[in-house]
Amino acid sequence: MGASGSGAIAARGTNAAAFGGVANHPRISKTRRADEPAPNVADYDEARSTFRWSDARRAFEGRPFGLNIAYEALDRHLDGPRADHVAIRWLGKHGEREEWTYRSLARETRRFARALESLEIAPGDRVYALLGRVPELFVTALGTLRHRAVLCPMFSAFGPDPIRARMTIGQARVLVTTERLYARKIAPIRSELGSLEHVILVGDDRASTAVPGTHDWATLVASAPDEHAIAPTDPETPALLHFTSGTTGTPKGALHVHEAVVMHHLTGGWALDLHPDDVFWCTADPGWVTGTSYGIIAPLTHGVTMIVDEGELDAERWYDTLARERVTVWYTAPTAIRMLMKAGAEPVRTRDLSSLRFLASVGEPLNPDAVVWSQEVFGRPFHDNWWQTETGGIMVANLASAEVRPGSMGRPLPGVEAGIVRRGDDGSIEEIVAPDIEGELALRPGWPSMFRAYWGQPDRYAKCFADGWYLTGDLARRDADGYFWFVGRADDVIKSAGHLVGPFEVESALLLHPAVAEAGVIGKPDPIAGEIIKAFVALKPGFAAGDALSLEIIGFARKHLGPAVAPREIAFVDSVPRTRSGKIMRRLLKARELGLPEGDTSTLEGPGSS
Amino acid sequence: MTAYSRDDLRAAYLAELARIAPEADLSSLDPAADVREELDIDSMDVLHLVTALHARLGVDVPERDYVRVTTLDGAVAYLATRLGAT
């Protein structure tokens with residue numbers, strides 16, 4: 001049997017004219033099983049009207065050391081019955097199993113903090129992590145936060161170019177990585193990383209390492225003293241640096257402070273409905289903000305057991321894990337859900353997934369048919385929610401206690417003021433109050449996990465705010481009941497398999513190839529990944545377009561950028577369309593790709609002019 | 001359906017892998033190694049690899065078997081079973 005939770009897909013009238021295809025997807029109402037805990041948000045309107053940030057912040061006052069994420073995640077549990085509760089159940093790639101209690105995880109993070117002290121790393125210094133989903137990642141993250149250094153997690157699927165850019169912008173002082181990733185991605189560029197003083201290596205299969213110019217985890221960390229007191233931590237102390245991409249320019253490092261934990265904790269309760277006895281599985285990569293906010297911090301502040309699977313997405317493995325570990329709350333992403341849909345309902349029918357209570361999705365809009373599918377197959381709908389690197393935590397969500405509107409990201413959480421706005425030519429902002437009109441999704445600043453800076457780029461940070469709003473760059477509309485619906489990006493940033501990819505970063509790498517004269521990069525719609533990266537390339541004289549060169553350029557890009565960022569398709573063009581001022585017209589490339597009307601091309605630079 | 005030898009299947013797999021990861025030196029590929037780790041093949045790449053094998057060999061690899069085509073040796077054995085190779 002599959003999940004036996006009850007729930008009904010009830011047909012209701014919606015405003016078909018306004019919602020277009022969405023009207024084909026009836027809302028999903030839910031009923032709670034008798035053995036399930038009540039949702040944390042019982043009544044949405046009441047929760048919103050009674051919530052005050054001052055009250056929420058007050059609940060985190062009076063700690064011995066100010067407000068430190070590591071204390072909230074671990075130490076706070078050590079004096080009570082949670083101390084010996086399993087914090088992490090780690091599932092290795094090859095079937096290994098390892099359990100870490102709150103007590104044992106805390107001990108290891110104290111050792112890591114002591115190791116940083118022994119290396120004379122100062123509070124505020126940046127500690128980068130390039131790791132898969134291994135226990136050392138959690139120790140690195142929380143040990144770094146204990147020490148009040150700044151944690152910067154990176155994708156292990158990045159190639160050397162994105163890694164170099166991120167480590168250079170954030171001036172990395174320490175890097176924790178594995179022996180294999182070091183040999184492949186760091187050693188070739190190490191001499192260019194001027195700020196990097198210490199590399200700590202986790203051995204392959206966690207054996208000791210002896211690589212010149214690096215520290216061995218097993219020697220440095222495992223042998224460090226396990227006593228460490230958290231020094232006073234002001235809530236505004238920098239804690240987390242997460243890189244994201246814009247249309248133009250270098251990657252941006254969104255900086256979050258220790259106070260962000262207030263938001264991580266609250267939203268873990270509200271939007272993921274975490275309860276103390278939950279077994280929680282967040283499938284996000286640790287290199288992504290979700291992998292930190294909800295893959296490390298929120299489950300630990302709630303004292304739940306989390307599942308950490310080192311392996312890659314594989315339908316059989318995932319369903320085995322859900323069933324065997326009795327997962328109750330599952331947070332995953334649309335690309336993964338669509339891959340599971342491809343595998344069909346059969347693997348669900350042959351397993352007992354009755355433990356699943358709450359399913360949530362983030363990373364890109366979840367298509368309505370995926371929500372309907374989950375209700376049919378699991379007896380539970382996926383709850384889509386919305387946030388971004390800059391917001392640090394979930395902002396808009398479908399809640400456990402409310403009906404799910406398939407295709408909608410839900411409603412703003414308590415304390416979150418979201419609006420749909422229009423930017424005027426003079427830079428002014430006008431809120432669109434009427435329902436069902438497209439505009440830019442904007443938020444009133446002031447929530448605890450709002451980013452405090454783009455590292456070293458104050459101008460780009462300032463540009464995100466206008467007239468008392470934070471402008472998200474996402475286009476959306478709000479229906480008459482206050483549910484938000486994603487429409488698209490306001491800029492040319494690509495969302496591929498949940499990764500935000502900046503076209504400029506890809507174009508810059510392509511231009512390094514000797515045959516490439518010009519490159520324009522877009523997101524091409526893809527049924528599984530949402531978008532895949534496609535590059536339009538104009539060649540230098542003397543190079544012949546063709547399959548061989550296309551493969552060579554793809555290989556070149558994979559080597560530099562890594563598989564998550566490299567284009568999967570190349571199209572050769574005579575020239576890349578540009579505006580008169582020389583900007584690449586990616587929208588025109590996209591319109592051509594989709595066979596859409598090309599719109600006003602009057603600012604286009606004609607062929608032959610230069 | 002054409003009868004394939006194991007060498008045919010090996011060559012077909014390597015040819016399609018080379019289209020997914022053109023930068024890789026496949027001559028030194030450990031036939032028992034997981035290509036996802038060795039060659040930075042992500043899950044989208046695996047999907048494309050399976051699609052390409054389908055187009056080339058006419059074998060439909062169901063989702064649950066994706067994991068069986070992530071090593072060269074494993075893929076050849078799997079494809080041979082599916083196709084009744086000699």
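How many aromatic pairs are there over all chains?

A: The count comes to 23 aromatic pairs over all chains. The rule uses the rings of Phe, Tyr and Trp, with the six-membered ring for Trp, and asks that the centres lie within 6.5 Å. Planes under 30 degrees apart count as stacked, over 60 as edge-to-face, and the rest as tilted.

Take one pair in chain A. A:Phe51 and A:Trp270 form an edge-to-face pair, with 5.3 Å centre to centre and 80° between the planes. This pair links distant parts of the chain, 219 residues apart. A:Phe51 sits in the loop between helix H2 (44–50) and helix H3 (53–58) of chain A. A:Trp270 belongs to helix H10 (residues 260–270) of chain A. Helices here are DSSP runs of H or I with at least four residues, strands are runs of E with at least two, and both are numbered from the N terminus.

A:Phe51 has a relative accessible area of 15%, and A:Trp270 has 12%. Buried means under 20% relative accessible area, exposed means over 50%, and partly exposed lies in between, using a 1.4 Å probe and protein chains only.

A:Trp330 and A:Phe382 form a tilted pair, 5.4 Å centre to centre with 50° between the planes. A:Trp330 lies in strand S14 (residues 329–332) of chain A and A:Phe382 in strand S16 (residues 382–386) of chain A, so the pair ties together parts 52 residues apart in sequence. A:Trp330 is buried, at 0% relative accessibility. A:Phe382 is buried too, with a relative accessible area of 0%.

Ring pairs link A:Trp281, A:Trp318, A:Tyr319, A:Trp330, A:Trp373, A:Phe378 and A:Phe382.

Now look at the sheet around S14 and S16. It is an open sheet of nine strands of chain A, in the order S4-S3-S13-S12-S14-S15-S16-S17-S18, with mixed pairing. Two strands pair if DSSP finds at least two bridges between them. Strand S4 (97–101) and strand S18 (411–412) of chain A stand at the edges with a single partner strand each, so one side of each has no neighbour in the sheet.

Some rings have a charge over the face. A:Arg206 lies over the face of A:Trp90, at 5.1 Å from the ring centre. A:Arg444 lies over the face of A:Trp469, at 3.8 Å from the ring centre. The rule asks for NZ of Lys or CZ of Arg within 6 Å of the ring centre and within 35 degrees of the ring normal.

Further along chain A comes helix H19 (residues 586–594), whose buried residues are A:Arg586, A:Leu588, A:Leu589 and A:Ala591. Their cover includes helix H17 (503–510), strand S28 (516–526) and strand S29 (530–539) of chain A, where contact means heavy atoms within 4.5 Å. After H19(A) comes A:Gly595, with a positive phi near 70°.

This is a predicted model: local features need pLDDT of at least 70, side-chain atom pairs count only at pLDDT 80 or more, and totals for chains, interfaces and linings use all residues. Residues are numbered from 1 along each chain as its sequence is written, chains are lettered from A and ligands numbered from 1 in the order in which they are written, and side-chain values use heavy atoms, leaving out hydrogens and water.
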